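Hi,

Here's the structure I said I'd pass along.

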Amino acid sequence: SERELLDFYENFKNGYKKSETRDFAALILDPENIKKNIQVTRSQINEYFNANLDSFNISETRELYQFFFNDKATADNFFNDSYQLGFNELLTKYSQTKEQSYLGSVGKDEILDFEVADAAFNMIEGEFGEPIDGMLGNSVLYLEKINPGKVPTVDDVAAEIQDEIQIQEAIDLVEMLYFEIEDDLLNGSSIEEASAKHQIETQYFKKIDINGKNIQNDVVEEINHQELIQKIFSSEIGDFIEVHDTENGYIWVDLNSINQPYIKSFAEVRDLVTTDMIKKRKNDKESEIIKQLDIGLINNQIQELIDSYQIEIKKSEPFSRLSPIREFSEDFNDRILSANINEVIIGKSENNILVGKVVEIFPIKQAEPERDQKFINNIDLQMRNDLFEQYLVSLEDNYTVKLYQENIDRLFNTQSQ
């Protein structure tokens, strides 16, 4: 009710406080702001059109479907049935869908598979193409519509060309105007006077907070530069604020007012209060349910919990960090595996609450290495080699030992057999 909303607002109105805001004037110099003052003649438009004719040509595109099949035989059957069945009936028979098979309106150079591209641009509108064994497998194309290419006239693209010429000239003009505006401001001109002189509209911004947001809590894109906002909030009225460089130009600002923090009226935030009150009630109810689940699980009151809250309680299969439960988040798996026996763990996702209790902990089993016959043979061979080497070393102390290659070969041939 309205009374409940007002009571909630009164209890939590400090949460609806608007932080300090500032009002300021800005001269924004960028190509978009000054291009409208640049005059473009018809001869410039014609010259640009003739020099860039190829860039204005509109290539032919085709609206295509590509249906994939596991083998060529099925693709052949699909193609043959296309003569007998309607489009939708054909797709139903072969479990195909329009949505998953639609390639869109594509140009020939946009199709990476050359064989598919050649086939697509040699088809007739409304026809199925013969099966293709292409880069991605067996498929059949369907051409729904041909969008013919077009060579526009200069009149067709005059507005586009004018905008492009204005932008290019404005980009060159920005740097020249920057120095002129800097000189004007250093000589005592205000931002408004400099703006008027160079035919750039002064922009006024009111109640902007330190995040660059307005009173509606929307980001103001024209001044969405954190460094600039920091300069404004680090200044007092009358301070000189250094020009701010943007990607395409410059911004000068003049601080007009500092607005102290205040609590927004109920009328301003009524919708937000409604949302917050509903959210709080939901959270309070969830907290109470979680508390009761916690108590019930600790006391093993499983059936009582099921009956009271109409919930499902399951016992999981054993799991570990190497083999976690996929339905659980990594954090929830980790918390369960770090918990002690009978400990209750609570997790919450966007739509669900998950409450778990550790009922059994299995000790870690040390896996014995596999010792097949090959493993045993390798160990035996290594031991024989080590013993033979030790024997040779003992002989060297008392005898002069000579080793012959044929004997070594015979020895290792015997061991390898």
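To start you off: which residue follows helix 12, and is its phi positive or negative? It's N300, and the phi is positive, near 55°. Keep in mind throughout that this is a predicted model.

Since we're at helix 12 anyway, a bit more on that one. Helix 12 covers residues 266-298, and at 1.5 Å a residue its 33 residues should span 48 Å; the end C-alpha atoms are 44 Å apart, so the two values agree. There is a bend in helix 12 of about 40°, located at L272. As for what is tucked away, the buried residues of helix 12 are F266, V269, V273, M277, E286, I290, L293, G296 and L297.

Four strands make an open, antiparallel sheet, ordered 4-3-6-5. Strand 4 (102-107) and strand 5 (132-134) sit at the edges, each pairing on one side only. On average, neighbouring strands here are turned by 45° against each other, direction ignored. Strand 3 (residues 61-69) is joined to strand 4 by 5 bridges in the antiparallel sense, and R62 lies opposite V106 of strand 4.

Last, a helix pair. Helix 3 (residues 42-51) packs on helix 9 (residues 158-186) at an angle of about 100°, with 10 Å between the axes. That angle is why helix 3 counts as roughly perpendicular to helix 9. Helix 3 contributes R42, Q44, I45, Y48 and F49 to the contact, while helix 9 brings A158, I161, Q162, E164, I165 and E169.

Cheers

Definitions and conventions
Residues numbered from 1 in each chain as written. Predicted model: local features only at pLDDT ≥ 70, side-chain atom pairs only at ≥ 80, totals over all residues. Heavy atoms only, no water. Pairing = 2+ DSSP bridges. Helix = DSSP H or I, 4+ residues; strand = E, 2+ residues; numbered from the N terminus. Axes fitted to C-alpha atoms, helices over the stretch in contact; angles between N-to-C directions. Expected span 1.5 Å × (residues − 1). Bend = angle between axes of the 7 residues up to and from the residue. Buried < 20%, exposed > 50% of the residue type's maximum accessible area, 1.4 Å probe, protein only. Parallel < 35°, antiparallel > 145°, perpendicular 65-115°, else oblique. Contact = heavy atoms within 4.5 Å.
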